[in-house]
Amino acid sequence: MERDMNLDEISDGKLYEANDMVRLGCGDCDGCSACCHGMGDTIVLDPYDIWQLTGNLHHTFEQLLSQGKIALAVYDGVILPHLCLEGAQEGCPFLSTQGRCSIHSFRPGICRLFPLGRLYEDNGFRYFIQVHECRKESRTKMKIKKWLDIPELRKYERFITSWHYFIKAVQEEIKTLGDEAQIKQRNMQLLQTYFLTPYNGKDDFYEQFYARRKE
Ligand code: SF4
Ligand code: SF4
């Protein structure tokens, strides 16, 4: 989700690439699950996340919605899914009773990224570190690539860029639509194409995604 912010206030003022070393190592989050609570609707899910969640949990997008694991919200006119953090402490539905992530190996991209953020520019992005977000005080340096632990990272980064600018374009398009029925129809089309139509969890995600983009 895009946010207006002053980078100098929230980061160390530097921008990074995947091979750069940054103070991210937090001892495997031992004893802490702070960033799995109270995040509201900010853990927005993209098609890669849905491919991972539906494929690994063997549940459809609709089932995840009806189980209250995910929910839909409107972001600048566009309806997108997000993790559904609820209850008094707004805890993630995938947190175990021991406070650990039960879907660690296929957790959403925003969870992998935290406390990094992305600054989009020139049809790409670079990473920055949000220095006030992680509760662990002494963090060790590690490569961003290792922190994210995402296979075929270059492909993933290209997909993230493509999805980001595509959603921005749809947000702009929606602003030009005259009535609610057209806005609803555009959103339904987007949801149907990228989320409701099942992905094959065993097949390459990127081929499936770009085939949908082409259509
Ligand atoms: S999916 Fe895992 S890492 Fe992400 S908020 Fe939920 S418990 Fe935390
Ligand atoms: S705040 Fe830091 S240590 Fe705590 S769960 Fe999040 S990333 Fe891990």
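Student: Which residues surround ligand 1?

Tutor: In this predicted model, ligand 1 has around it Cys-36, Ile-43, Leu-83, Cys-92, Leu-95, Cys-101, Ile-103, Pro-108 and Cys-111. Sorted by class, that shell holds 9 nonpolar residues, with no polar and no charged ones.

Student: How many nonpolar, polar and charged residues are in the shell around ligand 2?

Tutor: The shell around ligand 2 has 7 nonpolar residues, 1 polar residue and 2 charged residues. Among the residues around ligand 2 are Cys-26, Cys-29, Cys-32, Cys-35 and Cys-134, together with Phe-114, Arg-135 and Lys-136.

Student: Is Leu-45 buried or exposed?

Tutor: Leu-45 counts as buried because its relative accessible area is 1%, and this residue lies in the loop between strand S1 (21-25) and H2. Leaving aside neighbours within four places in sequence, Leu-45 is in contact with residues including Ile-50, Leu-53, Leu-83, Pro-108 and Phe-195.

Student: Phe-195 belongs to H7, so which residues of H7 are buried?

Tutor: When reading a helix, remember that an α-helix has 3.6 residues a turn, so residues three or four places apart point the same way. In H7 the buried residues are Ile-183, Arg-186, Asn-187, Leu-190, Leu-191, Tyr-194, Phe-195 and Leu-196, and they pack against H2, H3, strand S2 (70-75), strand S3 (78-83), helix H6 (153-176) and helix H8 (205-214). At the start of H7, a side-chain oxygen of Asp-179 comes to within 3.0 Å of the backbone nitrogen of Ala-181.

Student: How should I read a pocket, and what is the volume of the second largest pocket?

Tutor: Rolling a probe the size of a water molecule over the atoms shows where empty space is left. Here the second largest pocket has a volume of about 200 Å³. Of the 13 residues lining that pocket, Thr-54, Gly-55, His-58, Tyr-199 and Gly-201 are the closest to its centre, while helix H2 (47-57), helix H3 (61-66) and helix H7 (180-196) each give two or more residues to the lining. The lining divides into 5 nonpolar, 6 polar and 2 charged residues.

Student: Where is Asp-28 placed, and what is its phi?

Tutor: Asp-28 sits in the loop between S1 and H2, and its phi is near 60 degrees, a positive value in a residue other than glycine. Asp-28 counts as exposed because its relative accessibility is 56%.

Definitions and conventions. Residues are numbered from 1 along each chain as its sequence is written. Chains are lettered from A and ligands numbered from 1 in the order in which they are written. This is a predicted model: local features need pLDDT of at least 70, side-chain atom pairs count only at pLDDT 80 or more; totals for chains, interfaces and linings use all residues. Side-chain values use heavy atoms; hydrogens and water are left out. On a 1 Å grid over the protein atoms alone, a cavity is a set of points where a 1.4 Å probe fits but cannot get out, and a pocket is an open set with protein on both sides within 12 Å along at least five of seven lines; lining residues have an atom within 4 Å of a point. Grid points are joined across faces, edges and corners, and a volume is the space filled by probe spheres set on the points. Helices (H or I, at least four residues) and strands (E, at least two) are DSSP runs, numbered from the N terminus. Ala, Val, Leu, Ile, Met, Phe, Trp, Tyr, Cys and Pro count as nonpolar, Asp, Glu, Lys and Arg as charged, and the others, Gly among them, as polar. A residue is near a molecule or strand if one of its heavy atoms lies within 4 Å of it. Buried means under 20% relative accessible area, exposed over 50%, partly exposed in between (1.4 Å probe, protein chains only). Contact means heavy atoms within 4.5 Å. A polar contact is a pair of N or O atoms within 3.5 Å; within protein, one must be able to donate a hydrogen and the other to accept it, and residues adjacent in sequence count only if both atoms are side-chain atoms.
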